[in-house]
Amino acid sequence: MSTSLPAVLPGPGSTDYARYMRTDVLLSLQRGTAERAHPDELLFQVVHQCAELWFKLIHHELGRALDHLAADQPSAAEQLVQRAVRCLALVTEQLHMLRHLHPAQFAAFRTELGNGSGFESPGWKGMREITTELDIAFSRLLSSLGVTPIDVYCGQPSDPLFRLAETLVSLDEQIALWRTEHYTIATRIIGHGVLGTRNTPIDSLTRLITHRRFPTLWEARTDLTEASPRGRQSRQAPR
Ligand code: HEM
């Protein structure tokens, strides 16, 4: 067994690991046993807190991607958006843990949440804001180059702009996948036809699943389909 070396970093904690990772603070952020209305509160809090940390990282990486876009560096931006997509896939996967939280157990501590709602998630709000900025910055970059999303999609898949457009679509797709998984799990726990803690009808969350953060990239797909011979035949009649 290795003997641990003395801590050399400044700050609270008995080891350098604790001081650098700030584990004392981190591990004190969950309700203690005496405070919990039900033992499953720890599961609930850990899943949420982990999600907030991943959302924080996503926001950070998308912010850096935005800086690269402003500097006309689509390849560097694409790599960071790719990283954000992977993070969001992990958060989506982690939601699965809440399938271990059963309806009666959640009901036993739901009042502990007060009026707290996922709509107030700082990480989710930050992600929504930064994707709007990314959408604007990408459109601006295309305009400055005199190209449209359709021009990009008719070009080479190896083109950095093509790759970035596809990665932004992957991000949008992953947001929809998160929302689908979240809705599925939330209804598994609290059922259909009920109100959330923010008085939102739970089933209204389904509408958000089709919401798009990068609408012009989806419109380009529709336009390409409609412009094809088969697309012209199958165009929907206006309602
Ligand atoms: C027991 C599990 C969960 C239930 C029953 C649940 C329920 C709900 C409900 C009913 C809403 C609608 C707003 C409201 O009235 O509160 C909502 C929204 C939301 N929740 Fe959850 N939630 C759960 C887990 C999570 C987790 C783990 C996260 C991760 C941070 C999360 C993040 C969000 C976000 C970001 C929204 C806004 C949705 C959007 O914009 O699409 N929720 N949730």
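The model is predicted: local features need pLDDT of at least 70, side-chain atom pairs count only at pLDDT 80 or more, and totals for chains, interfaces and linings use all residues. Residues are numbered from 1 along each chain as its sequence is written. Helices here are DSSP runs (H or I, at least four residues), numbered from the N terminus.

**Around the ligand**
- The ligand is surrounded by 25 residues, and S117, G118, W124, G196 and R198 are the closest; a residue belongs here if its C-beta atom, placed from the backbone, lies within 6 Å of the molecule.
- Helices α3 (41-70), α8 (160-190) and α9 (205-209) each give at least two residues to this shell.
- Helix α8 makes the largest contribution to the shell, with six residues.
- By type, the shell has 15 nonpolar, eight polar and two charged residues. Nonpolar means Ala, Val, Leu, Ile, Met, Phe, Trp, Tyr, Cys and Pro; charged means Asp, Glu, Lys and Arg; the others, Gly among them, are polar.

**Helix α6**
- Helix α6 (residues 122-145) has 24 residues, which at 1.5 Å a residue should span 34 Å, and this agrees with the 35 Å between its end C-alpha atoms. The expected span is 1.5 Å times one less than the number of residues.
- M127, I130, T131, L134 and F138 are the buried residues of α6; buried means that 20 or more other C-beta atoms lie within 10 Å of a residue's own, exposed means 12 or fewer, and partly exposed is in between, with C-beta atoms placed from the backbone.
- The cover over these buried residues includes α3 and α8.
- After α6 comes G146, with a positive phi near 70°.

**The largest nonpolar core**
- This core has 29 residues, of which I58, L62, A65, V81, A84, L88 and L168 touch the most other members. Such a core is a set of buried Ala, Val, Leu, Ile, Met, Phe, Trp, Tyr and Cys residues joined through C-beta atoms within 7 Å.
- Two or more core residues come from each of α3, α4 (74-95), α6, α8 and α10 (215-227), and α4 gives the largest share, eight residues.
- Leaving out residues up to four places away in sequence, A65 touches A77, L80, V81 and L134; contact means C-beta atoms, placed from the backbone, within 7 Å.

**Residue I150**
- I150 sits in helix α7 (residues 149-153) and counts as partly exposed because it has 15 C-beta neighbours inside 10 Å.
- Beyond its neighbours within four places in sequence, I150 contacts A220, D223 and L224.
- A220 is 70 residues away from I150 along the chain, yet their C-alpha atoms are 5.5 Å apart.

Technical notes. Contact = placed C-beta atoms within 7 Å.
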